[in-house]
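This report walks through a protein model and the surroundings of its ligand. Please keep the sequence and the structure at hand while reading.

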Amino acid sequence: MTQQTQQTQQTHQTAPSVPGTESPGAPRALRPAEELQALVEDAARYLGGEGSGPEASAEEVIAWAARTFPGTLAVACSMADAVLPHLVARQVPGVDVLFLDTGYHFPETYGTRDAVAASLEVRVVDVLPALSLEEQDAAWGPRLYERDPTRCCALRKVEPLQRALTGYEAWVTGVRREDAATRTHTPLVTWDSSRNLVKINPLAAWTLDDLLAYAEKHRVVVNPLLADGYPSIGCQPCTRRVAPGDDPRSGRWAGFAKTECGIHL
Ligand code: SF4
């Protein structure tokens, strides 16, 4: 049994202790699903959007999340940039930032993760798949991503995230409506029925220009691949450069109909 199999969640760096965030995934008193769903309905009225008035800003959404989920909030970050962890850490210092460490990332992505852990008041948690790369190759054959990327994503992203999120009431994502046609109607706050917790998308209305402007203004770390022809960054075997003006997601899983890894479906 490999070390990876034995320990499927690693804290990359320990941030200053904050009540309720001492140990990622540690047992917490989590509210029942019905209570959390009621909070989602309140959020729709309080934060606006979807026909109920102007939408709250990203900072206002995060302020609501910080008040509503003290100690039970996690941020998911692909390490394409550190804007979301930066925004959340300003209001929730020491927040857990979950990084799905598939084992297939670009070196630049691991470098961005290390820079986030070193530069922000967050606790980066490497969420590991149950199987090491070697174990997956033995079980499913080498280069599963070439033959069955949906299964590969399920093994290396979807299941690990599902497991990691069991210790939280809500997760914050960087999903933006302009990312893809499948994300056009992304709400600020929604009920994540597949995981039984609240999903918060404070950047839903942001454009890529908004994101880069924030990063520049606050000197936030950005993955260098973004400026090297990779507007959407996933695992190295499944991500290609994109020509200027092309669909940013067209470089992901090129040759397959697949456009989502599954964690936002
Ligand atoms: S993006 Fe590619 S390599 Fe990464 S988990 Fe999905 S199929 Fe596997």
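## Ligand shell

The shell around the ligand is made of 9 nonpolar, 2 polar and 2 charged residues. This is a predicted model. Of the 13 residues around the ligand, five come nearest: Pro 149, Cys 152, Cys 153, Cys 235 and Cys 238.

Which helix gives the largest share of the shell? Helix H8, residues 149–164, supplies 5 residues.

## Annotated binding site

An unreviewed UniProt entry carries a "binding site" annotation for Cys 152, Cys 153, Cys 235 and Cys 238. These positions are spread over 87 residues of sequence. In space they cluster, with a largest C-alpha distance of 11.0 Å. The four annotated cysteines are also listed among the residues that come nearest to the ligand.

Cys 153 lies in helix H8. Is Cys 153 buried or exposed? Cys 153 is buried, because 24 other C-beta atoms lie within 10 Å and the cut-off for burial is 20 or more. Beyond its neighbours within four places in sequence, Cys 153 is in contact with Val 158, Cys 261 and Gly 262.

Cys 238 sits elsewhere in the chain, in the segment after helix H9 (208–218). Cys 238 has 21 other C-beta atoms within 10 Å, so this residue too is buried.

## Packing of H2 and H3

Two packed helices are described by the angle between their axes and the distance between the axes. For helix H2 (residues 33–47) and helix H3 (residues 58–68), the axes come within 12 Å. They cross at roughly 145°. The crossing of H2 past H3 is right-handed.

Which residues make the contact? From H2 come Leu 39, Ala 43, Tyr 46 and Leu 47. From H3 come Glu 60, Val 61, Trp 64 and Thr 68. By class, the residues of the contact of H2 with H3 are 6 nonpolar, 1 polar and 1 charged.

## Whole protein

The secondary structure comprises 9 helices and 7 strands. The protein has 265 residues, and 40% of them count as buried. Cys 153 and Cys 238 are examples of buried residues.

What share of contacts between residues at least 6 apart in sequence joins residues at least 24 apart? The share is 72%.

Definitions and conventions
Residues numbered from 1 in each chain as written. Predicted model: local features only at pLDDT ≥ 70, side-chain atom pairs only at ≥ 80, totals over all residues. Near = placed C-beta within 6 Å. Helix = DSSP H or I, 4+ residues; strand = E, 2+ residues; numbered from the N terminus. Nonpolar A, V, L, I, M, F, W, Y, C, P; charged D, E, K, R; others polar. UniProt positions renumbered as here; feature names shortened; annotations may be inferred. Buried ≥ 20, exposed ≤ 12 C-beta atoms within 10 Å, placed from the backbone. Contact = placed C-beta atoms within 7 Å. Axes fitted to C-alpha atoms, helices over the stretch in contact; angles between N-to-C directions. Left-handed = near helix turned anticlockwise from the far one by under 90°.
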